[in-house]
Structure formats: C-alpha cells, structure tokens
Amino acid sequence: MSSVDTHDLRGPAVPAPAGRPVMRTSGLGFAVGGVRIVSDVDLDVRQGEFLAVIGPNGAGKTTLFNLLTGLYRPTSGSIELAGDDVTRLTPAQRARRGMARSFQVTSLFTHLSVLENVRLAARAHLGGSARLLGRIGRGDEAVRRAEEALETVGLADRATETAANLSHGNKRKLDLAIAIAGEPRVLLLDEPTAGMGADDLPPVIDLIGRIHARGTTIVMVEHRMDLILGLADRIAVMHHGSLLACDEPDTVMADPTVQTAYLGEPL
Ligand SMILES: Nc1ncnc2c1ncn2[C@@H]1O[C@H](COP(=O)(O)OP(=O)(O)OP(=O)(O)O)[C@@H](O)[C@H]1O
C-alpha cells in the first residue's frame, strides 16, 4: 500500500473531450460498509477511441469496470450511455443498449456451432429473437455480421465447428466475436490478457487493436502500462479509487503525480 495521499496527487478536473462522448460518468462512487472503493469519478469516453484504465494494485479499476457494466450499483453519481442515464440498469439492459463486455467464455452455447453462437448475438441486437434459431440464409444480415466478426477475430475457418471443441484461447476469441457482432457502442475489456503466458500476449493485443481499428470504441482496464502503450488513444489513471489523470499517453507518462502513484510499480 502506497503512503501517498490521493488528495495531494489529484490533478485538475479531466477536460471535456472534443468528440461526442459515447459514455460518461459523473461523480461516480462506490462504498462498502462506509469504505469508499471508488470516489467521484468523472470520465468521458469518446466515440471511436481506445481508452485504457490503468492503476496500481487495488486502485479500484475492477470496481470501476463493474460499476460501468452494471455488476455493481453505484452508491453515488451516474453513468450515461449515448446520452441516456443507465445508472440503474442491469448488465443485460445495458448490453441491449450497446454496452458489450468480453472474455466471459461461460456465456457460450457450447453445443452450437461457432457461427451460430455469433449469429444469435448479431440477430438479438438486430431485434430478432435469439430463441428462434430459424434457418441460416445467405442474405441474412445477422450472418453477414457474424461472418465479418469471425473474420476479424481469426475464426472464419472454424465457423462450422461446435463451440465446445474450441481451445480455451479460441473460446475467448469467439466470445470477442460475439461481443463485436452486436456492433456495440462501447466494448469494455477487463484485463483481457490476465493469466496468459508471454507468448500468448502479442496475438491478443494485436486482435484487440484490430477490433479498435474497425471503429469499435474500447475501454480496457489493464494493470500493465506496457500492454496498452501503442493501443490507447488516452489513458485514465486510477489511484486509491480516484481518477488521477486522463490524457494522451505521452502526457500521462510524463505526469509526476502518475509517476509518484506508481512508485515501486513498473510503469
Ligand atoms: N466488495 C468489496 N468489499 C470490500 N472491499 C473491496 C470490495 N471490492 C473491492 N474492494 C477493495 O477495494 C480496493 C480496490 O479493488 P479493485 O479490485 O477494484 O482494484 P484493482 O485496481 O482492480 O486492483 P488489481 O489490479 O489488484 O486487480 C481493493 O483494496 C479491494 O480489496
């Protein structure tokens, strides 16, 4: 635990973005038993950007992520998605409004084919019922989206395989394809490389970069600064539950308050 006092470190308010915010938090906070885990976070996510949320161990990154996706109910403040207040909405309701989160391999229909898994997600977002499988038609928009998503994640050649047969790594890719097939307003990723060996990191980082390059707005929580340099348009730094800085990577890296917050941690 760092002995640095958060209030000494907090810089000026995060400047309003020039682009249209796709997601915005105002005074967002979360407390448990009177202990504040996340305090007063004002964050704008711009259309099409890659925003990385970093911070040392215990900074509140995962808690912030859970607040954004709806797993936790904030004890103060609000969250907007495309201008609508979603603070009280469940994760499923937020998902329907275009907030996707990924690396939840458990949500796969393992008995269905890879393509069917993605097609159902695309169809659900297009307004069809995910329960009515129907026939796969060539002109079907859901199929088009599914195939494009599988192409993006590198699973196009596995489309007809049963999802259960995929390796764990490929199930993660399938899960990402499901997330992007719905063409989300924003894709939230919580430490997507956690638990991976060094050899597995470059392809995953490359894949996330490709998803961003196709126009998807991404918010990625990550402990390691080195993994997000080269990907992130802006970096938000959490420390002791507060937002310490939010700016372009060069500015954040040069910020002495950020350097101090990471004292003893690799930047
Ligand atoms: N439900 C909870 N009840 C009590 N304390 C909590 C709860 N959730 C998180 N905390 C504490 O709040 C702090 C922030 O936790 P959080 O997991 O959000 O940090 P983090 O930045 O994601 O850390 P890491 O990089 O280690 O995963 C930690 O000290 C954690 O122990």
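Me: Where is Val-45 found?

Reply: Val-45 is in strand β2. Keep in mind as we go that this is a predicted model.

Me: Is Val-45 buried or exposed?

Reply: Val-45 is buried, because 27 other C-beta atoms lie within 10 Å and the cut-off for buried is 20 or more.

Me: And how far apart are Val-45 and Thr-216?

Reply: They are 171 residues apart in sequence, and their C-alpha atoms are 12 Å apart in space.

Me: OK, back to β2. Which sheet is it in?

Reply: β2 belongs to an open sheet of four strands, in the order β2-β1-β4-β5, with antiparallel pairing. The edge strands are β2 and β5 (84-85), each of which pairs on one side only.

Me: How many bridges join β1 to β2?

Reply: Eight bridges join β1 (residues 21-32) to β2 (residues 35-46), and the two strands run antiparallel.

Me: What about the turn between β1 and β2?

Reply: β1 and β2 make a hairpin with two residues between them. Gly-33 sits in that turn and has a positive phi of about 55 degrees.

Me: And how does β1 pair with β4?

Reply: β1 and β4 (residues 76-81) are antiparallel, joined by five bridges. Thr-25 is partnered there by Ile-79 of β4.

Me: Which residues other than glycine have a positive phi?

Reply: Two to look at are Asp-40, with phi near 55 degrees, and Ala-82, with phi near 50 degrees. Most residues other than glycine have a negative phi.

Me: Where are those two placed?

Reply: Asp-40 is in strand β2, while Ala-82 is in the loop between β4 and β5.

Me: Why do Asp-40 and Ala-82 count as partly exposed?

Reply: Asp-40 is partly exposed because it has 16 other C-beta atoms within 10 Å. Ala-82 is partly exposed too, with 16 other C-beta atoms within 10 Å. That count falls between the cut-offs of 12 or fewer for exposed and 20 or more for buried.

Me: Switching topic: what surrounds the ligand?

Reply: The ligand is surrounded by Val-32, Ile-37, Gly-55, Asn-57, Gly-58, Ala-59, Gly-60, Lys-61, Thr-62, Thr-63 and His-223. By class, that shell has three nonpolar, seven polar and one charged residues.

Me: Which element gives the largest share of that shell?

Reply: Helix α2 (residues 61-69) does, with three residues.

Me: Now β7. How many of its residues are buried?

Reply: Five of the five residues in β7 (residues 186-190) are buried. Val-186, Leu-188 and Asp-190 point one way, Leu-187 and Leu-189 the other way, and all are buried. In a regular strand the side chains alternate between the two faces of the sheet.

Me: Which strands does β7 pair with?

Reply: β6 (residues 99-101) is joined to β7 by three bridges, running parallel. β8 (residues 218-221) also pairs with β7 in the parallel sense, over four bridges.

Me: How does the chain cross from β7 to β8?

Reply: The chain goes through helix α7 (residues 201-213), and this β-α-β crossover is right-handed.

Me: Pick a residue in α7 for me. Is Ile-208 buried or exposed?

Reply: Ile-208 lies in α7 and counts as buried, with 23 C-beta neighbours inside 10 Å. Its C-alpha atom is separated by 25 Å from that of Val-41, which is 167 residues apart from Ile-208 along the chain.

Me: Last one: which residues touch the most other members of the largest nonpolar core?

Reply: Val-118, Ala-177 and Val-237 do, in a core of 70 residues. Helix α6 (residues 168-181) gives the most to this core, with seven residues. The core draws at least three residues from each of domain 1 (1-98 + 186-267) and domain 2 (108-183). In soluble globular proteins, nonpolar side chains tend to be buried together.

Me: Great, thanks!

Technical notes. Residues numbered from 1 in each chain as written. Predicted model: local features only at pLDDT ≥ 70, side-chain atom pairs only at ≥ 80, totals over all residues. Pairing = 2+ DSSP bridges. Right-handed = clockwise from strand over helix to strand, strands pointing away. Near = placed C-beta within 6 Å. Nonpolar A, V, L, I, M, F, W, Y, C, P; charged D, E, K, R; others polar. Core = buried A, V, L, I, M, F, W, Y, C linked by C-beta atoms within 7 Å. Domains from an automatic or database assignment.
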